[in-house]
Amino acid sequence: MIRFDAVSKNYPNGTTAVDELSLELAEGGITVLVGPSGCGKTTTLRMINRMVEPTAGTVSLRGRDIREVNAPELRRGIGYVIQHAGLFPHRTVLDNIATVPMLLGWNKKKARTRAAELLELVGLPAEMAKRYPNQLSGGQQQRVGVARALCADPPVLLMDEPFSAVDPIVRAELQAEFIRLQKELHKTIVFVTHDIDEAIKLGDNIAVFRTGGKLAQFDTPERLLAHPADDFVADFVGQDRGIRRLSFVNAAELPLRDGPVLPATAPVAQARAADEPWVLVVDEGRRPLGWASVAELADGGTLADASLTPLGHTFSLVGDSARAALDSALLSPARLAVGVDAEGAVVGVADACELSAGTTAVQAAAGEQASTEAESASSESRATVGKTSADTPGGGDR
Ligand SMILES: Nc1ncnc2c1ncn2[C@@H]1O[C@H](COP(=O)(O)OP(=O)(O)OP(=O)(O)O)[C@@H](O)[C@H]1O
Ligand SMILES: [Mg+2]
């Protein structure tokens, strides 16, 4: 879709902002450019809409060298969002959003109607339409910036650190909203950040740059965490990449056991026979009631008589990841994670060691599959890695 062929950008002062970049960005996906300050992310992004012209090499869009397209025409198909939103202070929110359609010559009414739809799409109330940008919070302004970029429905969206200027809570909200929007819109998005967590959360593919405008690795988030190309990437990705990788393993694939899961009607003797320090007591629908410490059970009677220790939190086999499962084990009074199905009924339990062993097995199997797919993808294009396990469900909390 967007292809860089040996693209360099050198400035007259001797700075190499981008150095022989070759990269192919998939249509309909989010590619994140990430790396330390000054490594050429913004320059790379701006070469896509010709705000910066390369010194060497070719950038093409859908197979067409972008030098053959005049810049205004090119930019009509490319939305652009920047940090602090860059809104026009003297225009209302609605007119800010309607900017591009108005430039394209739509009549005012049609442009404003479309802008109002976009305001709703990015989750802002209609009454904000008449306000001016300085009457909005930073997060709200950022949403208006996204709405403005999307208003003329461009197939490509360039986003340069769009969520960097807001506090972590608003940032997480904007990211979640952005993921939801992209599921609806399927734009081809190039997203710049210097934050590896944001890159992993949002990217289908991630390009890691090092200082000097060199591409260090181009991969799926999962492969970046599992197989950093070198020490620079490993350092950049961070010490806790082992934990973060768990986000890519679907909890449904983990081995669980149900020996320690007993109904409240079970006799105490049965709990002792389970030979476990704790048993999980469930109701007739197998919904969890709480933990019973076997050593503290009085002989005779059933588990209904036991005083139960609260559950901690469960994880869902439908949608949660191994990271959520491990967290559930670590926070459980019994040190056992409780896996439930869509109805909240207990499927089984596992401790941290069992979860870890199960995760390793799943990752090993997925790793083999990913390498096979990457090999076949590489025969088509060297720099493009097929979307493989980034599609794995359970990535919701990555
Ligand atoms: N017009 C210019 N003239 C000279 N050097 C420039 C110019 N624009 C950018 N550079 C240099 O090119 C390099 C890459 O800049 P770029 O803005 O692409 O970095 P970045 O990765 O976006 O950094 P940041 O994370 O700080 O935004 C930097 O060393 C920068 O100083
Ligand atoms: Mg930048």
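What follows is a walk from the whole chain down to single residues.

**Before you click**

You are looking at a predicted model, in which local features need pLDDT of at least 70, side-chain atom pairs count only at pLDDT 80 or more, and totals for chains, interfaces and linings use all residues. For selections, residues are numbered from 1 along each chain as its sequence is written, while chains are lettered from A and ligands numbered from 1 in the order in which they are written.

**Stop 1: the whole chain**

Zoom out. The C-alpha atoms fill a box of roughly 85 × 50 × 30 Å along the principal axes. Of the 398 residues, 42% are buried, where buried takes 20 or more other C-beta atoms within 10 Å of a residue's own, exposed takes 12 or fewer, partly exposed is in between, and C-beta atoms are placed from the backbone.

Contacts come next: two residues touch if their C-beta atoms, placed from the backbone, lie within 7 Å. Among contacts between residues at least 6 apart in sequence, 63% join residues at least 24 apart.

**Stop 2: two domains**

Colour 2–248 as domain 1 and 252–356 as domain 2; the bounds come from an automatic or database domain assignment. Their centres, taken over C-alpha atoms, are 45 Å apart. Where the two touch, four residues of domain 1 are in contact with four of domain 2. On the domain 1 side, three of the touching residues are nonpolar, one is polar and none is charged. In this scheme Ala, Val, Leu, Ile, Met, Phe, Trp, Tyr, Cys and Pro count as nonpolar, Asp, Glu, Lys and Arg as charged, and the others, Gly among them, as polar.

**Stop 3: ligand 1**

Which residues surround ligand 1? Select Tyr11, Asn13, Thr15, Ala17, Ser37, Gly38, Cys39, Gly40, Lys41, Thr42, Thr43 and His194; a residue is near the molecule if its C-beta atom, placed from the backbone, lies within 6 Å of it. This shell divides into three nonpolar residues, eight polar and one charged. Helix H1 (residues 41–48) gives the most to the shell, with three residues.

Stay on H1. Six of its eight residues are buried, so the helix is largely enclosed by the rest of the structure. The buried ones are Lys41, Thr43, Thr44, Leu45, Met47 and Ile48. Just past the helix, click arginine 50, which has a positive phi of about 65°.

**Stop 4**

Now show strand S1 (residues 2–10) and strand S4 (residues 56–61), an antiparallel couple joined by five bridges. (Two strands pair if DSSP finds at least two bridges between them.) Serine 8 has alanine 56 in S4 as its bridge partner.

S4 also runs antiparallel to strand S5 (residues 64–65), through two bridges, with serine 60 opposite aspartate 65. S4 and S5 make a hairpin with two residues between them, and arginine 62 in the turn has a positive phi of about 45°.

**Stop 5: two sheets of three strands**

Select S11, S12 and S13: an open sheet in that order, with mixed pairing. S11 (261–263) and S13 (288–293) are at the edges with a single partner strand each, so one side of each has no neighbour in the sheet. The twist averages 35° from one strand to the next. S12 (residues 278–282) pairs antiparallel with S13 over five bridges, and valine 282 has proline 288 as its bridge partner.

Then move to the open sheet S14-S15-S16, where pairing is mixed too. S15 (residues 336–340) and S16 are antiparallel, with five bridges; alanine 337 partners alanine 350 in S16.

Eight of the ten residues of H13 are buried, including Arg323 and Asp327.

**Last stop: alanine 226**

Find alanine 226 in helix H9 (residues 221–226). It counts as partly exposed because it has 19 C-beta neighbours inside 10 Å.

Note on methods: Helices (H or I, at least four residues) and strands (E, at least two) are DSSP runs, numbered from the N terminus. Axes are lines fitted to C-alpha atoms, for helices over the stretch in contact, and angles run from 0 to 180 degrees between N-to-C directions.
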